[in-house]
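Please read this briefing alongside the sequence and the model.

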Amino acid sequence: MLDVCYSPRYFARTHTNSMEKLQGVADALNSWSNIKFHEPEILDIELLRKLHSPEYADAFYTGQPKKLATVSGFKQWNKQLRDAVLRINAGQLMAAELAWQKGISANIAQGFHHAQYEFGGGYCTFNGLALIAQQFPDKKIFILDCDQHGGDGTADFSLRLENLFNFSIYGLAHGCPTYPRSLTRHIHKDNGSFAQYTLAIHEGFQQAQAWGADLIIYQAGMDCHQGDPFGSSWFTTELIHKREETVFKLAKRSGIPTMFVLAGGYQRLEDLVPLHLYSFQAAIDAYGL
(Lines give C-alpha, C1' and ligand atoms only; values in the text may rest on other atoms or scores of the structure.)
Protein backbone atom coordinates (compact mmCIF):
# COMPACT_ATOMS: atom_id res chain seq x y z
CA MET A 1 0.00 0.00 0.00
CA LEU A 2 1.13 3.54 -0.72
CA ASP A 3 0.55 5.73 2.34
CA VAL A 4 -0.97 9.07 1.28
CA CYS A 5 -1.80 12.08 3.44
CA TYR A 6 -4.92 14.02 2.53
CA SER A 7 -7.99 15.66 4.02
CA PRO A 8 -11.09 16.91 2.18
CA ARG A 9 -10.44 20.05 4.23
CA TYR A 10 -7.25 20.70 2.26
CA PHE A 11 -9.65 22.48 -0.08
CA ALA A 12 -10.64 26.14 0.00
CA ARG A 13 -12.37 28.03 -2.77
CA THR A 14 -9.97 30.56 -4.30
CA HIS A 15 -9.61 32.43 -7.60
CA THR A 16 -7.22 29.71 -8.89
CA ASN A 17 -7.67 25.95 -9.43
CA SER A 18 -4.61 25.13 -7.32
CA MET A 19 -6.65 23.55 -4.53
CA GLU A 20 -9.30 22.05 -6.78
CA LYS A 21 -6.73 19.76 -8.32
CA LEU A 22 -5.88 18.35 -4.88
CA GLN A 23 -9.47 17.24 -4.52
CA GLY A 24 -9.51 15.90 -8.08
CA VAL A 25 -6.43 13.75 -7.50
CA ALA A 26 -7.75 12.45 -4.17
CA ASP A 27 -11.14 11.61 -5.67
CA ALA A 28 -9.48 9.62 -8.45
CA LEU A 29 -7.24 7.75 -5.99
CA ASN A 30 -10.25 6.72 -3.89
CA SER A 31 -10.91 3.84 -6.29
CA TRP A 32 -7.33 2.54 -6.19
CA SER A 33 -6.96 -0.57 -4.02
CA ASN A 34 -3.31 0.05 -3.14
CA ILE A 35 -3.71 3.53 -1.59
CA LYS A 36 -4.06 4.05 2.15
CA PHE A 37 -5.22 7.52 3.18
CA HIS A 38 -4.18 9.30 6.38
CA GLU A 39 -5.96 12.49 7.47
CA PRO A 40 -3.89 15.08 9.39
CA GLU A 41 -5.18 17.48 12.00
CA ILE A 42 -4.62 21.26 11.88
CA LEU A 43 -1.02 22.31 12.48
CA ASP A 44 -0.24 24.45 15.52
CA ILE A 45 0.52 27.96 14.20
CA GLU A 46 3.38 28.20 16.72
CA LEU A 47 5.43 25.84 14.56
CA LEU A 48 5.08 28.24 11.63
CA ARG A 49 5.89 31.23 13.85
CA LYS A 50 9.23 29.55 14.54
CA LEU A 51 9.85 28.85 10.85
CA HIS A 52 8.73 32.17 9.37
CA SER A 53 8.66 35.74 10.57
CA PRO A 54 6.16 35.79 13.46
CA GLU A 55 4.58 38.92 11.94
CA TYR A 56 3.91 37.09 8.69
CA ALA A 57 2.63 33.93 10.38
CA ASP A 58 0.29 35.98 12.58
CA ALA A 59 -0.99 37.95 9.59
CA PHE A 60 -1.92 34.78 7.73
CA TYR A 61 -3.49 33.30 10.85
CA THR A 62 -5.65 36.33 11.63
CA GLY A 63 -6.13 37.84 8.17
CA GLN A 64 -4.68 41.17 9.29
CA PRO A 65 -3.01 43.20 7.97
CA LYS A 66 -4.67 42.11 4.74
CA LYS A 67 -1.74 43.01 2.49
CA LEU A 68 0.61 40.72 4.40
CA ALA A 69 -2.04 38.02 4.87
CA THR A 70 -2.55 37.79 1.08
CA VAL A 71 1.00 38.48 -0.11
CA SER A 72 1.39 34.86 -1.28
CA GLY A 73 -1.00 35.60 -4.17
CA PHE A 74 -4.44 34.51 -2.96
CA LYS A 75 -6.66 37.57 -3.45
CA GLN A 76 -8.94 36.94 -0.50
CA TRP A 77 -8.15 35.64 2.97
CA ASN A 78 -10.68 33.50 4.82
CA LYS A 79 -10.67 30.93 7.61
CA GLN A 80 -11.29 28.07 5.19
CA LEU A 81 -8.09 28.94 3.31
CA ARG A 82 -6.16 29.37 6.55
CA ASP A 83 -7.27 26.02 7.95
CA ALA A 84 -6.64 24.25 4.61
CA VAL A 85 -3.06 25.55 4.57
CA LEU A 86 -2.51 24.49 8.19
CA ARG A 87 -3.78 20.97 7.46
CA ILE A 88 -1.64 20.72 4.32
CA ASN A 89 1.45 21.59 6.34
CA ALA A 90 0.49 19.10 9.06
CA GLY A 91 0.31 16.57 6.24
CA GLN A 92 3.93 17.33 5.43
CA LEU A 93 5.06 16.22 8.88
CA MET A 94 2.83 13.16 8.83
CA ALA A 95 4.07 12.12 5.37
CA ALA A 96 7.70 12.50 6.46
CA GLU A 97 7.14 10.16 9.39
CA LEU A 98 5.36 7.67 7.14
CA ALA A 99 8.27 7.76 4.69
CA TRP A 100 10.67 6.88 7.50
CA GLN A 101 8.39 4.01 8.53
CA LYS A 102 7.51 2.66 5.07
CA GLY A 103 10.22 3.97 2.70
CA ILE A 104 7.79 5.89 0.45
CA SER A 105 4.80 8.19 1.07
CA ALA A 106 2.93 11.12 -0.41
CA ASN A 107 1.07 14.25 0.61
CA ILE A 108 -1.59 15.42 -1.84
CA ALA A 109 -0.43 18.99 -1.44
CA GLN A 110 1.39 21.85 -3.09
CA GLY A 111 2.27 25.46 -2.33
CA PHE A 112 5.61 25.50 -0.53
CA HIS A 113 8.78 26.34 -2.43
CA HIS A 114 8.35 30.09 -3.10
CA ALA A 115 7.61 30.91 0.55
CA GLN A 116 10.54 32.70 2.20
CA TYR A 117 11.14 33.63 5.82
CA GLU A 118 9.46 37.06 5.71
CA PHE A 119 6.54 36.31 3.37
CA GLY A 120 4.91 33.92 0.94
CA GLY A 121 4.78 34.22 -2.83
CA GLY A 122 3.67 32.44 -5.99
CA TYR A 123 0.63 30.94 -4.16
CA CYS A 124 2.98 29.42 -1.59
CA THR A 125 1.98 30.51 1.91
CA PHE A 126 4.36 28.62 4.20
CA ASN A 127 7.39 26.57 3.23
CA GLY A 128 6.28 23.07 4.18
CA LEU A 129 9.55 21.68 2.80
CA ALA A 130 11.64 23.70 5.23
CA LEU A 131 9.10 22.92 7.97
CA ILE A 132 10.16 19.27 7.91
CA ALA A 133 13.81 20.26 8.33
CA GLN A 134 12.88 22.50 11.27
CA GLN A 135 10.81 19.84 13.03
CA PHE A 136 13.35 17.06 12.54
CA PRO A 137 16.68 18.84 13.19
CA ASP A 138 18.57 15.55 13.54
CA LYS A 139 17.57 14.48 10.00
CA LYS A 140 19.10 15.69 6.72
CA ILE A 141 16.26 16.77 4.41
CA PHE A 142 17.00 16.83 0.66
CA ILE A 143 14.56 18.55 -1.74
CA LEU A 144 14.45 17.33 -5.35
CA ASP A 145 12.39 20.12 -6.89
CA CYS A 146 11.09 19.41 -10.41
CA ASP A 147 8.65 22.29 -10.59
CA GLN A 148 8.97 24.44 -13.72
CA HIS A 149 9.82 27.38 -11.46
CA GLY A 150 12.91 27.40 -9.28
CA GLY A 151 12.45 26.95 -5.55
CA ASP A 152 13.67 30.36 -4.44
CA GLY A 153 12.04 30.18 -1.01
CA THR A 154 13.59 26.82 -0.22
CA ALA A 155 16.95 28.19 -1.35
CA ASP A 156 16.50 31.00 1.18
CA PHE A 157 15.75 28.51 3.96
CA SER A 158 18.85 26.46 3.10
CA LEU A 159 20.82 29.39 4.56
CA ARG A 160 18.82 29.18 7.79
CA LEU A 161 18.60 25.42 8.31
CA GLU A 162 21.83 23.44 8.16
CA ASN A 163 19.96 20.17 7.63
CA LEU A 164 18.19 21.36 4.45
CA PHE A 165 19.53 20.86 0.90
CA ASN A 166 17.69 22.22 -2.14
CA PHE A 167 18.26 20.81 -5.65
CA SER A 168 16.05 22.59 -8.17
CA ILE A 169 15.59 21.56 -11.84
CA TYR A 170 13.56 24.17 -13.68
CA GLY A 171 12.70 25.80 -16.98
CA LEU A 172 11.81 29.22 -15.55
CA ALA A 173 14.24 30.58 -12.98
CA HIS A 174 11.85 32.66 -10.85
CA GLY A 175 14.88 34.12 -9.15
CA CYS A 176 16.18 30.84 -7.68
CA PRO A 177 19.70 31.49 -6.35
CA THR A 178 22.60 29.08 -5.94
CA TYR A 179 24.07 28.61 -2.47
CA PRO A 180 26.31 25.93 -0.91
CA ARG A 181 23.23 23.78 -0.16
CA SER A 182 21.00 25.08 -2.94
CA LEU A 183 22.01 23.91 -6.40
CA THR A 184 20.12 24.73 -9.59
CA ARG A 185 19.96 23.17 -13.04
CA HIS A 186 18.22 25.24 -15.72
CA ILE A 187 16.86 23.15 -18.60
CA HIS A 188 15.72 25.62 -21.27
CA LYS A 189 11.99 25.49 -21.96
CA ASP A 190 12.45 25.60 -25.74
CA ASN A 191 16.03 24.53 -26.42
CA GLY A 192 16.43 21.98 -23.66
CA SER A 193 16.03 18.20 -23.89
CA PHE A 194 14.91 15.28 -21.81
CA ALA A 195 18.44 13.88 -21.93
CA GLN A 196 19.64 17.00 -20.08
CA TYR A 197 16.75 16.72 -17.64
CA THR A 198 17.50 13.06 -16.92
CA LEU A 199 21.16 13.83 -16.25
CA ALA A 200 20.06 16.50 -13.76
CA ILE A 201 17.79 14.01 -11.95
CA HIS A 202 20.66 11.51 -11.67
CA GLU A 203 22.90 14.29 -10.37
CA GLY A 204 20.29 15.17 -7.76
CA PHE A 205 20.25 11.63 -6.39
CA GLN A 206 24.05 11.53 -6.39
CA GLN A 207 24.06 14.75 -4.35
CA ALA A 208 21.52 13.32 -1.91
CA GLN A 209 23.58 10.20 -1.36
CA ALA A 210 26.89 12.07 -1.07
CA TRP A 211 25.36 14.46 1.49
CA GLY A 212 23.97 11.55 3.50
CA ALA A 213 20.31 12.55 3.18
CA ASP A 214 17.85 10.94 5.61
CA LEU A 215 14.80 11.95 3.53
CA ILE A 216 14.20 13.02 -0.07
CA ILE A 217 11.18 15.21 -0.73
CA TYR A 218 10.26 15.12 -4.40
CA GLN A 219 8.32 18.08 -5.78
CA ALA A 220 6.55 16.41 -8.71
CA GLY A 221 5.70 19.55 -10.66
CA MET A 222 3.57 19.21 -13.79
CA ASP A 223 3.86 22.81 -14.98
CA CYS A 224 6.82 21.75 -17.14
CA HIS A 225 4.39 19.79 -19.37
CA GLN A 226 4.07 21.21 -22.86
CA GLY A 227 0.33 21.80 -22.42
CA ASP A 228 0.86 24.05 -19.40
CA PRO A 229 0.91 27.87 -19.80
CA PHE A 230 4.41 27.82 -18.27
CA GLY A 231 5.52 24.55 -19.86
CA SER A 232 8.52 23.49 -21.90
CA SER A 233 7.68 22.94 -25.57
CA TRP A 234 9.50 19.58 -25.69
CA PHE A 235 8.09 18.08 -22.46
CA THR A 236 5.43 15.64 -23.73
CA THR A 237 3.11 13.45 -21.67
CA GLU A 238 5.29 10.45 -22.53
CA LEU A 239 8.33 12.26 -21.12
CA ILE A 240 6.44 13.18 -17.95
CA HIS A 241 5.80 9.45 -17.50
CA LYS A 242 9.47 8.68 -18.08
CA ARG A 243 10.49 11.34 -15.56
CA GLU A 244 8.25 9.85 -12.87
CA GLU A 245 9.49 6.33 -13.58
CA THR A 246 13.10 7.53 -13.41
CA VAL A 247 12.64 9.42 -10.15
CA PHE A 248 10.94 6.61 -8.26
CA LYS A 249 13.25 3.88 -9.57
CA LEU A 250 16.24 5.95 -8.44
CA ALA A 251 14.56 6.66 -5.10
CA LYS A 252 13.97 2.95 -4.49
CA ARG A 253 17.51 2.09 -5.57
CA SER A 254 19.02 4.77 -3.34
CA GLY A 255 17.48 3.30 -0.20
CA ILE A 256 16.73 6.82 1.05
CA PRO A 257 13.18 7.25 2.43
CA THR A 258 11.22 9.41 -0.01
CA MET A 259 7.99 11.39 0.11
CA PHE A 260 6.44 13.37 -2.72
CA VAL A 261 4.06 16.28 -3.17
CA LEU A 262 2.29 17.54 -6.29
CA ALA A 263 3.82 21.00 -6.97
CA GLY A 264 2.84 23.17 -9.95
CA GLY A 265 0.37 22.58 -12.77
CA TYR A 266 -1.96 25.15 -14.34
CA GLN A 267 -3.71 23.60 -17.33
CA ARG A 268 -7.32 22.34 -17.40
CA LEU A 269 -8.09 19.98 -14.54
CA GLU A 270 -9.21 17.19 -16.88
CA ASP A 271 -5.74 17.27 -18.47
CA LEU A 272 -3.77 17.99 -15.30
CA VAL A 273 -5.14 15.39 -12.89
CA PRO A 274 -4.03 12.37 -15.01
CA LEU A 275 -0.49 13.77 -15.07
CA HIS A 276 -0.42 13.95 -11.29
CA LEU A 277 -1.92 10.48 -10.98
CA TYR A 278 1.01 9.03 -12.86
CA SER A 279 3.32 10.05 -9.99
CA PHE A 280 1.35 7.71 -7.75
CA GLN A 281 1.35 4.91 -10.33
CA ALA A 282 5.09 5.23 -10.88
CA ALA A 283 5.73 5.12 -7.12
CA ILE A 284 3.52 2.02 -6.74
CA ASP A 285 5.29 0.29 -9.63
CA ALA A 286 8.81 1.15 -8.47
CA TYR A 287 8.20 0.00 -4.90
CA GLY A 288 6.09 -3.02 -5.83
CA LEU A 289 3.11 -1.85 -3.77
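In what order do the eight strands of the open sheet stand? The order is 2-1-3-8-7-4-5-6, and the pairing is parallel. The model is predicted, so to speak of local features a pLDDT of at least 70 is needed and side-chain atom pairs count only at pLDDT 80 or more, while totals for chains, interfaces and linings use all residues. Residues are numbered from 1 along each chain as its sequence is written, and side-chain values use heavy atoms, with hydrogens and water left out.

**The sheet**

- Strand 2 and strand 6 (182–186) stand at the edges with a single partner strand each, so one side of each has no neighbour in the sheet.
- On average, neighbouring strands of this sheet are turned by 20 degrees against each other, direction ignored.
- Helices (H or I, at least four residues) and strands (E, at least two) are DSSP runs numbered from the N terminus, and two strands pair if DSSP finds at least two bridges between them.

**Strand 1 and its partners**

- Strand 1 (residues 2–5) pairs with strand 2 (residues 35–38) in the parallel sense over four bridges.
- Asp-3 stands opposite Lys-36 in strand 2, and Cys-5 has His-38 as its bridge partner in that strand.
- Strand 1 also pairs with strand 3 in the parallel sense, over three bridges; there Val-4 has Ala-106 as its bridge partner.
- In a regular strand the side chains alternate between the two faces of the sheet.
- Strand 1 is covered on both faces, with Leu-2 and Val-4 buried on one side and Asp-3 and Cys-5 buried on the other.
- Buried means under 20% relative accessible area, exposed over 50% and partly exposed in between, with a 1.4 Å probe and protein chains only.

**Asn-107 in strand 3**

- Asn-107 lies in strand 3 (residues 104–107) and counts as buried because its relative accessibility is 0%.
- Neighbours within four places in sequence aside, the contacts of Asn-107 (heavy atoms within 4.5 Å) include Cys-5, Tyr-10, Ile-88, Gln-92 and Phe-260.

**Helices across the sheet**

- Helix 8 (residues 194–211) lies across strand 4 (141–145), strand 5 (164–170), strand 6 and strand 7 (215–219), and runs at about 175 degrees to strand 5.
- Helix 9 (residues 237–254) lies across strand 3, strand 4, strand 7 and strand 8 (258–261), at about 175 degrees to strand 7.
- Axes are lines fitted to C-alpha atoms, for helices over the stretch in contact, and angles run from 0 to 180 degrees between N-to-C directions.

**Helix 1 with helix 10**

- The axes of helix 1 (residues 20–29) and helix 10 (residues 269–287) come within 9 Å and cross at roughly 60 degrees.
- The two helices are therefore oblique to each other; angles under 35 degrees count as roughly parallel, over 145 as roughly antiparallel, 65 to 115 as roughly perpendicular and the rest as oblique.
- Among the residues that meet are Gly-24, Val-25 and Ala-28 in helix 1 and Leu-272, His-276 and Phe-280 in helix 10.
- By class, this contact of helix 1 with helix 10 has eight nonpolar, two polar and two charged residues. Ala, Val, Leu, Ile, Met, Phe, Trp, Tyr, Cys and Pro count as nonpolar, Asp, Glu, Lys and Arg as charged, and the others, Gly among them, as polar.

**Helix 5 with helix 6**

- Helix 5 (residues 79–102) packs against helix 6 (residues 128–135) at about 55 degrees, with the axes 9 Å apart.
- Helix 5 is therefore oblique to helix 6.
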